[in-house]
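Reader: I've got this one open in my viewer and would like to talk through how it is put together. Can we start with the strands and then move on to the rest?

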Amino acid sequence: MWKFFIVTFILQVGLGTVLSVKRHAIFRRQAGLLAGKIDCNQLKTSPGDYWYIADEFAPPCAFYLIGGHDKRVELEFLDFNIDCEEGGELSIIDGWELNNQFFPSPNDLPRNLHDERYCGINRPRRKFIASQNAALINFYVPIKGQGFTLRVKFIKNSLPCNVISITHSGTYTLKNYGIKMNCSFSFIFPSIIKTVAVNVGITSTMNFINIPQRRESLQSFFRKQLTPSLKYNTQCMKRGGNDYFQLKTGDGLDPRFMQYTSTSICGTSRYNRYNPGVLLGCGHSVVRMVSSGNYYNSVTFTYQEASEKELETQKYDFC
């Protein structure tokens, strides 16, 4: 499953200038005092100061970052020296990328990939804050002794939507907060998913807006909102197709191109605790919820990394 962390890419050529030999030496001494050395094609889950200094014949590299499910990645450059004229460049991706596939999907998180590309001797002044708990830095430093120093923080995300799991088991609730947006919970490992509770396409946002005009008590109002008016069903597309969730699995990062997609599910239901769950056996899987903004949608589920014995029971062979 860790093949997702082996990355090859070609970085674009820019224009710039080269640091003096004296600045090289100062940069190396400063970086040598830090504990967080960046290796080529590496994943980190801890905040702190990280540094990279190129060796001779350094290849293109990727530095993956991931925090807790309710966090956003914040990046700040403390020092920077990447030669433009030799083709050096550093780019920042909001989320993760592999083989030109992105998570979150471009349909769910539009990006301008040309906005976060840097080279030269001037460090990027603006802090970069990712939309979710994951970010990626692609870089190519062609000249030995050059590199950069980076401060990584994981800050609170008050409205987590797209998430890459940092644990191999747990319980999570996807929410849209009454907003028109698509949210996905991602697993970079084969998984067993058990749906615990569904409320999709049921609780109208308009009802909440009109609360002050209603004469009934808040207790009575919320009791009605939480009473299922439509049981769990798989006819979401026939009902308009704007609010539903799916289970998907495949070998790429982008949910759009995954080989398996479950039936679209909506309505409301609580599941039996002895539900055996659904095996999503490929290297990358998601629970994905599509929301129109007309409802307060939520899906609660448990997840567990699949065992080798469980993987032997899967009925598809495209992984």
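Predicted model: local features only at pLDDT ≥ 70, side-chain atom pairs only at ≥ 80, totals over all residues.

Reader: In strand 10, which residue is the bridge partner of L75?

Author: Strand 5 and strand 10 run antiparallel to each other, paired over two bridges. Leaving aside neighbours within four places in sequence, L75 is in contact with several residues, including I92, I137 and L150. K127 and F128 are also on that contact list. The bridge partner in strand 10 is F128.

Reader: How many residues does the largest nonpolar core have?

Author: L75 turns up here as well, being among the residues with the most contacts inside this core, along with Y52, F63, L90, F139, F148 and L150. Elements giving two or more residues to the core include strand 3 (48-53), strand 5 (71-81) and strand 12 (147-156). A second, separate core has 21 residues, among them I193, V200, F245 and V287. The largest core has 26 residues.

Reader: OK, cysteines next. How many disulfides does a search of the whole structure find?

Author: One is formed by C40 and C61, another joins C84 to C119, and C161 and C183 form one too. The search of the whole structure comes to three.

Reader: For C40 and C61, which one is buried?

Author: C40 sits in the loop between strand 1 and strand 2 (42-44), and C61 is in strand 4, 21 residues apart. Buried needs under 20% relative accessible area, so C40 at 30% is only partly exposed. At 0%, the buried one is C61.

Reader: And is the disulfide of C84 and C119 left-handed or right-handed?

Author: The sulfur atoms of C84 and C119 are 2.0 Å apart. C84 counts as buried at 0% relative accessibility, while C119 is partly exposed at 23%. The torsion about the S-S bond is about 110°, so this disulfide is right-handed.

Reader: Last one: how many residues apart in sequence are the parts that C161 and C183 tie together?

Author: Both C161 and C183 are buried. Their S-S torsion is about -105°, so the link is left-handed. C161 lies in the loop between strand 12 and strand 13 (163-164) and C183 in strand 15, so the pair ties together parts whose separation in sequence is 22 residues.

Terms used:
Residues numbered from 1 in each chain as written. Heavy atoms only, no water. Core = buried A, V, L, I, M, F, W, Y, C linked by side-chain atoms within 4.5 Å. Buried < 20%, exposed > 50% of the residue type's maximum accessible area, 1.4 Å probe, protein only. Helix = DSSP H or I, 4+ residues; strand = E, 2+ residues; numbered from the N terminus. Contact = heavy atoms within 4.5 Å. Pairing = 2+ DSSP bridges. Disulfide = S-S within 2.5 Å.
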